[in-house]
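Trainee: I would like to learn how to read pairs of aromatic rings. Could you take me through them slowly?

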Amino acid sequence: MRLHTAPLLLITALTAAAQQPAPVSASAQFQAIQSRLRASHAASDWLANLAAAQDQQALLNDDPAALLEVARAEVHIRDVHLNGDIAAIRELQQFVRMGQSTDFIEKTPDFATLRNRPEYADLQRDMAANRAPIALAATALVLPDANLLAEDIDVDTARHRFLITSVREHKIVAVSVTNSASGPAAITDFAPAPDPWPIVAIKIDRTRSRVWATESAMQGLSFSPKSDWGRTAVLCYDLRTGKLLRRVEGPHGSAFGDMLLLPNGDVIVSDGDGGGLYRLASNPASPDHLDRIDHGEFISPQTPALAPDGHRLFVPDYERGLAILDLTTQKVSWLAPQGRFALNGIDGLYCNRNQLIAVQNGTSPERVILFTLDAPLATIVSEKIIERATPTLGDPTHGVLIGRDFYYIANSGWDILDAHGNINPGAKPSQPRIMRATVPGPQPSTGSSPRQ
């Protein structure tokens, strides 16, 4: 009998596994919650709206905008939930503790009853403080071409030049590191995109003299022919000549927007539209195959950063916050915001031992910030804002760390565009500005001090 039991149990287990529904991706969960929020709001079903808002808050790991959704629903059910106003105030106080500010609370009728509460004046005062300018960086370079729509930057140390990608002009440009900030820098073309699409991400492999980049015909944007929308590719150029050496197209419907190079030269690219993370072997003899290394945990992954141990990635999800992905097990965990750290809206992310430098163009206000982690790199213990709410900070995107100097694109130009990539009426592109901030050296992280 036992000789037949094991195969029978195996068949039963395999049948049961086959009948199990596939895990629902974070993107699908997010879309379903958004649909519930819209439907319940239109029907003024505030109990259902609160349930959807709380599900969104859990999925997005206390994203500040999700806190506002919960607060709005709690205000509307105050007659059913006698502590609704008090609960809403708690959500808004957390929103403020996370360094955020918004005029939505002041303008929308949804929060009208809260504006009469004594705590509201404190919220307004603290949000005004969160909008106060902070400037720990200085201008390093000004690029003369205001139409570039500069997106990403890396440094070619051997030739003392930055390479910068252009969304609008579909190319990579070069500019000398030694240019003075007193006037526009001289730029030259390094390489064009092989297709009439924006070039987005860039990383330089100095060891192998290669330049890796992504091009993307982003859905709905006027930068590419409509017939190409949803197409994207990984590109490899010769660092010396700019010659295109390799082009690997991604899955249709993807948008490869950010990337990371691993020490062995392999490329990690993130699909900000489809939610995937892909790995491409750098060896030219390897097949042009992109291996997906996530399991649907991300909604909109951005620039990954390699941890010092070499086997973990910090992955910023524009919606869900900061994740840690183990490259060996592919297990994903999330850094907790602890009710005081806003971890959403990160575009560029860079690791310096136990520090993470983040360019956050999805927070309110936008900012460049330094997070310090504990020794296991599992918990944030403090933050320090490098730049916020200054005249030079338009819509920051990405940067590069050279020693202790962090160079970043401060005013990319995205902030003057509409939803289709067209310049808003009356707006005028400004010359892209590269800022430089000296980052303090990594410190022992034994404490748990609050925001600096």
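Mentor: Phe 190 is buried, and Tyr 237 is buried as well, where buried means under 20% relative accessible area, exposed over 50% and partly exposed in between, with a 1.4 Å probe and protein chains only. This is a predicted model, in which local features need pLDDT of at least 70 and side-chain atom pairs count only at pLDDT 80 or more, while totals for chains, interfaces and linings use all residues. Residues are numbered from 1 along each chain as its sequence is written, and side-chain values use heavy atoms, with hydrogens and water left out.

Trainee: How many aromatic pairs does a search of the whole structure find?

Mentor: A pair of aromatic rings is described by the distance of the centres and the angle of the planes. Rings of Phe, Tyr and Trp (its six-membered ring) pair if their centres lie within 6.5 Å, and planes under 30 degrees apart count as stacked, over 60 as edge-to-face and the rest as tilted. The search of the whole structure gives nine aromatic pairs. One of them joins Phe 104 and Phe 111, edge-to-face, at 5.9 Å centre to centre and with 80 degrees between the planes.

Trainee: Is Phe 111 buried or exposed?

Mentor: Phe 111 has 0% relative accessibility and counts as buried, whereas Phe 104, with a relative accessible area of 30%, is partly exposed.

Trainee: What is the angle between the planes of Phe 190 and Tyr 237?

Mentor: Their planes stand at 70 degrees, with the ring centres 6.3 Å apart, so this pair is edge-to-face.

Trainee: Which residues form one aromatic cluster?

Mentor: Tyr 350, Phe 406 and Tyr 408 make up one such cluster.
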